[in-house]
Amino acid sequence: MAKAPVLTPQAEDFPRWYQDLINKAELADNGPVRGTMVIRPYGYGLWERMQQEMDARIKKAGAQNAYFPMFIPQSYLTKEAEHVEGFAPELAVVTHGGGKELEEPVVVRPTSETIINEYFSKWVQSHRDLPLLINQWANVVRWELRPRVFLRTTEFLWQEGHTAHATYEDARAYASRIHTDVYGDFMTNVLGIDVVLGRKTAKERFAGAINTLTLEGMMGDGKALQMGTSHELGQNFAKAFNTTYQLQGAEREYVWQTSWGVSTRMVGGLIMSHGDDNGLRVPPRLAAVQAVVLAIKGDDAVLAKVREIGARLEAAGVRVVVDDRTDTPFGRRAVDWELKGVPLRIEVGPRDLEAGTAMLVRRIAGGKEPVAVDSLAAIVPGILEEDQAQLLRESRERRESRTVDVKDIDEAVEAAATGWGRISWADLGPEGEAKLAEQGVSVRCLIAADGTVPAADDQPGNLALVARAY
């Protein structure tokens, strides 16, 4: 009788495979309140590495970290009509506190445009205070009716940037800089996901924005996942909160603003982009553990050698863990590390010790081979870079092979059954977008004919990318 697979095969049931992997790789559990999640240490380690990489890029773009309260007076949200209308179905509202009914209900932060603008209006007085570039790492709550761990949860972790500028041009350029230099660079070069950078349609824009820039990734099953967004807010919130600055004379002008964010949804995107039937595959540049050195048996000489190898790799700049838990069977430990997607396993037993070698097992490229112990520190960094490049290449090849040009709505729906469709926005338009939505297909973004981000919705030659989405 064949041994049952550790994970449900992707081809058999992709959603079940996803849930199996999260459980077996010890990434997260469902929380006690529907729609919440408990992120386990290994899963949180992935998020921490994402934070580190993102935070460095955000700071390079000039933004500073701050923190704002998670409780927002309900009256703040009502100041920007489109914003409150967009978020109303998702709000969690607190009406009682300290055993009493509150004089004014407070909203648990769904996003922070309103409360941050309350303080921007105090902090910005003259043109010398601009640009004001703020980011915060926080949690938010949006009441989710169809939760899925990491992808859609009632509470999730994220960063949200908020900026104020003197001119429309400056704000627009900054939103684009975040879109490309921060998010695009991180997702492509660290996550190894070949995201498409585009512009949301008017229907899909962030509530209260005049333009939303998006990054869309194709998952292993051909569906799209919105990985992050950067919004031009225009002067909508500035007018609602009277956020103005003084020009050279006495005249005052409303600021121009942006907001932008990515969340723990990226962990879900990582799983669905790179995972296979054996578990997760973590891009080496992201991995908190790039290599694990395993002792096959509890022989003193073996234990000494795996620790020596670990020290050598660490000195070479590799993020390494030494697994010398020989009271746990070797096979079980090897499967656990494979499920967790650690890029390299270096296995050492008595026979390897005699030969002066270690067995090098590659999670991403696959295969195993004996390697001289003395050469490991020299070759491992290069192997990690090869595997990083392979994941990006596979992501790009999947997207390109499963994206087709279509001429009408029927063809678009057919394309979205297995991948993405690309259709002229001039032919589709808002009316066609609405018809697609009736069949569970959405316009993920608009791109220019050359694949770049278009300057405007109605720019001639714009193409709409359509897909089923998470």
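In the predicted model, helix α8, which spans residues 265-274, is mostly covered, with ten of its ten residues buried. The buried residues of α8 run from R265, M266, V267, G268 and G269 through L270, I271, M272, S273 and H274.

Q136 is placed in strand β7, which comprises residues 132-141, and Q136 is counted as buried because its relative accessible area is 0%, under the cut-off of 20%. The side chain of Q136 reaches the backbone nitrogen of F68 at a distance of 2.9 Å. E160 is placed in strand β8, made up of residues 155-165, and is likewise a buried residue, yet E160 has no salt bridge. The side chain of E160 is instead joined to that of H162 by a polar contact of 2.8 Å.

Side chains of opposite charge can pair when their charged atoms come close, and a search of the whole structure finds 30 salt bridges. One of these is formed by R40 with E26, with the closest N and O atoms 4.0 Å apart. Because R40 lies in the loop between β2 (37-39) and α2 (41-60), whereas E26 lies in the loop between α1 and β1, the pair ties together parts that are 14 residues apart in sequence. R40 counts as partly exposed, at 30% relative accessibility, and E26 also counts as partly exposed, at 34%.

A further salt bridge joins R57 and E53, for which the closest N and O atoms are 2.8 Å apart. R57 and E53 are four residues apart in helix α2, and they are therefore separated by about one helical turn. Both R57 and E53 are buried. The pair also belongs to a network of salt bridges in which R49, E53, R57 and D185 are linked. In another salt bridge, the side chains of E144 and R152 meet at an N to O distance of 4.0 Å; E144 counts as buried at 15% relative accessibility, whereas R152, at 35%, counts as partly exposed.

Backbone geometry was then considered. Most residues other than glycine have a negative phi, and most peptide bonds are trans. E26, described above as a partner of R40, has a positive phi, near 60°, although E26 is a residue other than glycine. The loop that holds E26 lies between α1 (14-24) and β1 (28-30). A positive phi, of about 75°, is also found at F150, which is not a glycine. F150 is located in the loop between β7 and β8 and, at 2% relative accessibility, counts as buried, whereas E26 is partly exposed, with a relative accessible area of 34%. A cis peptide bond joins L130 and P131, with omega about -5°, and P131 lies in the loop between α5 (113-123) and β7.

On the surface, a patch of negative charge is gathered from D408, D410, E411 and E414. A nonpolar surface patch of about 330 Å² is made by V33, W143 and L145. W143 lies in the loop between β7 and β8 and is partly exposed, with a relative accessible area of 43%.

A449 is found in the loop between β22 (442-447) and β23 (463-467) and counts as exposed at 64% relative accessibility. A449 and L77 are 372 residues apart along the chain, and their C-alpha atoms are separated by 38 Å.

Key
Residues numbered from 1 in each chain as written. Predicted model: local features only at pLDDT ≥ 70, side-chain atom pairs only at ≥ 80, totals over all residues. Heavy atoms only, no water. Patch = residues over 30% accessible without salt bridge, like charges linked within 9 Å, V, L, I, M, F, W, Y side chains within 5 Å. Areas by Shrake-Rupley, 256 points an atom, 1.4 Å probe, with all protein chains shown as cover. Lys, Arg positive; Asp, Glu negative; His and termini not counted. Charge placed at Lys NZ, Arg CZ, Asp CG, Glu CD. Helix = DSSP H or I, 4+ residues; strand = E, 2+ residues; numbered from the N terminus. Buried < 20%, exposed > 50% of the residue type's maximum accessible area, 1.4 Å probe, protein only. Polar contact = N/O pair within 3.5 Å; in protein donor to acceptor, adjacent residues only side chain to side chain.
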